[in-house]
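This briefing accompanies the structure shown below.

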Amino acid sequence: MNLILLGPPGAGKGTQAKILEQAHGFKQLSTGDMLRAAISAGSETGVKAKAIMDRGDLVSDDVILGIVAERMDKPDVSQGVVFDGFPRTPAQAESLDKMLKARGGKLDGVIEMKVDDEALVKRITGRFTCAKCGKGYHDDFAKPKKVGICDVCGSTEFTRRPDDNEKTVRDRLQVYNKQTAPLVEYYRGQGNLHVIDGMADIGQVTAAIETVLAQLKA
Ligand code: AMP
């Protein structure tokens, strides 16, 4: 099954994509994570993307479609993919339809996670991650059990994304509302759109997604 989690930065797409990966064997395909990996590796794509990402703009469709197509050709996506942070423009959405068709697949559903912009700013600016195992935390909502120590691996090193500061978050939300929100109507027109409340607790959001998956399977 191929699914898109659609929603602004901080809506919880990454968290839910990881839960879906564990529960159903789908692969999370996060273009943001792929770009951050390219930056860490110092590749040409990473070098070009870094400045764009740091100011909250979108990386060009060509670059994004190139890395997604390459990822879709790996054998481990055969159980299905949860797209997280992709597509973000109408051109990317149309290319994804073609890419799936060319590989004998299709899009099964798009889940829009509805959230409130002000709550998002609070959610994003407070988040941080264990530098060793990648476990996500939040200054207010999900602190480690012992201050400064990762619950999962015991590491004492944590990182924050450079684009998770308030100014860039507000810019990213504007970019979302202008360039990505039109995809809601695109997918509604295809009959693929399912809207859920992304402001609920993580477990409640997972349950809402599972309800959509059950409908899609029926
Ligand atoms: P994310 O981790 O999804 O919040 O993405 C972080 C940043 O990576 C975004 O603010 C963009 O600069 C860039 N990015 C990620 N995915 C895309 C995409 N599908 N199209 C264009 N830019 C992207």
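Gln28 is found in strand S2. The model is a predicted one, and the values below are computed from it. Two topics stand out for the reader: the parallel sheet to which strand S2 belongs, and the ligand with the 16 residues that surround it.

- Gln28 counts as buried because its relative accessible area is 14%, below the cut-off of 20%.
- The side chain of Gln28 makes a polar contact of 2.8 Å with the side chain of Asp84.
- Strand S2 covers residues 27–30 and stands at an edge of the sheet with a single partner strand, so one of its sides has no neighbour in the sheet.

**The sheet**

- The sheet is open and consists of 5 strands, arranged in the order S2-S3-S1-S4-S8 with parallel pairing.
- The other edge is strand S8 (193–197), which likewise has a single partner strand, so one side of S8 is also left without a neighbour in the sheet.
- From one strand to the next, the twist averages 25°.
- Strand S1 (residues 3–6) and strand S4 (residues 109–114) run parallel and are joined by 4 bridges.
- Leu6 stands opposite Glu112, a residue of S4.
- As a general point, the strands of a sheet pair through backbone hydrogen bonds, in either a parallel or an antiparallel manner.

**The ligand and its surroundings**

- Of the 16 residues that surround the ligand, the closest are Thr31, Arg36, Asp57, Arg88 and Gln92.
- By residue class, the shell around the ligand divides into 6 nonpolar, 4 polar and 6 charged residues.
- Helix H2 (residues 31–41) supplies the largest share of this shell, with 4 residues.
- An N or O atom in the side chain of Thr31 is 2.8 Å from a nitrogen atom of the ligand.
- Gly85 places a backbone N or O atom 3.0 Å from a nitrogen atom of the ligand.
- Arg161 has a polar side-chain atom 3.2 Å from an oxygen atom of the ligand.
- On its own the ligand has 480 Å² of accessible area, and the protein covers 97% of this.

**Leu173 in helix H7**

- Leu173 has its place in helix H7, which comprises residues 166–180.
- With a relative accessible area of 5%, Leu173 falls under the 20% cut-off and is therefore classed as buried.
- Leu173 and Asp117 are 56 residues apart in sequence, whereas their C-alpha atoms are 7.4 Å apart in space.

Technical notes: Residues are numbered from 1 along each chain as its sequence is written. This is a predicted model: local features need pLDDT of at least 70, side-chain atom pairs count only at pLDDT 80 or more; totals for chains, interfaces and linings use all residues. Side-chain values use heavy atoms; hydrogens and water are left out. A residue is near a molecule or strand if one of its heavy atoms lies within 4 Å of it. A polar contact is a pair of N or O atoms within 3.5 Å; within protein, one must be able to donate a hydrogen and the other to accept it, and residues adjacent in sequence count only if both atoms are side-chain atoms. Accessible areas come from the Shrake-Rupley method with a 1.4 Å probe; for residues, only the protein chains shown count as cover. Ala, Val, Leu, Ile, Met, Phe, Trp, Tyr, Cys and Pro count as nonpolar, Asp, Glu, Lys and Arg as charged, and the others, Gly among them, as polar. Two strands pair if DSSP finds at least two bridges between them. Axes are lines fitted to C-alpha atoms, for helices over the stretch in contact, and angles run from 0 to 180 degrees between N-to-C directions. Buried means under 20% relative accessible area, exposed over 50%, partly exposed in between (1.4 Å probe, protein chains only).
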